[in-house]
Amino acid sequence: WMMEKHPKSRITEIRLQSDVALAIRLPVDRREWLDHVRAHRQLILDAWESDALGREWTEVLSQPTPAAIHLYRHDAPMLSFQCTRSSLYARTAYAYLIAVEGKRDDSLKIVLPELLAWQHLQRSEGMLVHQMIAAVMIKESMKTIDAILDLGPASPTTLEAVRGALDTAYP
């Protein structure tokens with residue numbers, strides 16, 4: 001879905017614009033996140049709504065996968081970092097926004113599929129570039145989960161789901 005020049009690519013269906021995704025990207029300095037999500041609230045909500053394809057793709061990839069490695073030819077289509085990164089920015093900004101608004105369980109349940117999807121891709125992906133993209137996305141998901149948990153407690157059930165994802169991750 002997120003590969004350019006692939007026969008099954010659905011990139012043409014993407015409605016989330018990369019410039020919008022960059023505008024809502026959570027700042028590097030976590031101390032700025034609260035002000036950022038408050039200042040960009042409507043833009044974040046609109047980006048989350050427009051990222052239907054990214055949400056669908058993430059949900060599919062977050063499901064358990066068969067134990068296998070996907071092998072590529074040297075001329076195989078590449079995963080679009082721009083498209084996947086835009087979707088990640090919308091998801092993490094939206095998750096942090098709703099966490100700030102007191103919905104920490106819901107926010108963790110939004111970030112968790114992203115983390116799982118990239119963990120699954122990292123395990124089964126044979127192309128180095130895709131492995132590197134997965135590592136970046138996992139790192140961003142982990143930073144967001146950490147920031148959400150710093151806001152206050154989550155339910156034991158949600159924390160167990162987060163623990164389960166972390167337990168199955170690569171070291």
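Biologist: How many cavities of 30 Å³ or more does the count come to?

Modeller: The general idea is that rolling a probe the size of a water molecule over the atoms shows where empty space is left. In this structure, which is a predicted model, the count comes to one cavity of 30 Å³ or more, and the largest cavity has a volume of about 40 Å³.

Biologist: Which residues line the largest cavity?

Modeller: Its lining is made by Arg25, Leu26, Trp33, Tyr89, Thr92, Glu140 and Thr144, and these residues divide into three nonpolar, two polar and two charged. Helix 5 and helix 7 each supply at least two residues of that lining.

Biologist: Which residues have the most contacts inside the largest nonpolar core?

Modeller: The largest nonpolar core has 42 residues, and those with the most contacts inside it are Ile44, Leu79, Tyr96, Trp118 and Ile148. Among the elements that give two or more residues to this core are helix 1 (18-24), helix 5 (81-100) and helix 7 (128-150), while helix 5 gives the most, with eleven residues. If you leave out residues up to four places away in sequence, Trp118 touches Trp57, Leu79, Thr84, Ile133, Ala134, Met137 and Ile138.

Biologist: Is Leu112 buried or exposed?

Modeller: Here a cut-off is needed, since buried means under 20% relative accessible area; Leu112 has 9%, and therefore counts as buried. Leu112 lies in helix 6, and, leaving aside its neighbours within four places in sequence, Leu112 is in contact with Ala161, Val162 and Ala165.

Biologist: How many residues apart in sequence are Leu112 and Val162?

Modeller: They are 50 residues apart in sequence, yet 6.9 Å apart in space, taken from C-alpha to C-alpha.

How values were computed:
Residues are numbered from 1 along each chain as its sequence is written. This is a predicted model: local features need pLDDT of at least 70, side-chain atom pairs count only at pLDDT 80 or more; totals for chains, interfaces and linings use all residues. Side-chain values use heavy atoms; hydrogens and water are left out. A nonpolar core is a set of buried Ala, Val, Leu, Ile, Met, Phe, Trp, Tyr and Cys residues joined through side-chain atoms within 4.5 Å. Buried means under 20% relative accessible area, exposed over 50%, partly exposed in between (1.4 Å probe, protein chains only). Helices (H or I, at least four residues) and strands (E, at least two) are DSSP runs, numbered from the N terminus. Contact means heavy atoms within 4.5 Å. On a 1 Å grid over the protein atoms alone, a cavity is a set of points where a 1.4 Å probe fits but cannot get out, and a pocket is an open set with protein on both sides within 12 Å along at least five of seven lines; lining residues have an atom within 4 Å of a point. Grid points are joined across faces, edges and corners, and a volume is the space filled by probe spheres set on the points. Ala, Val, Leu, Ile, Met, Phe, Trp, Tyr, Cys and Pro count as nonpolar, Asp, Glu, Lys and Arg as charged, and the others, Gly among them, as polar.
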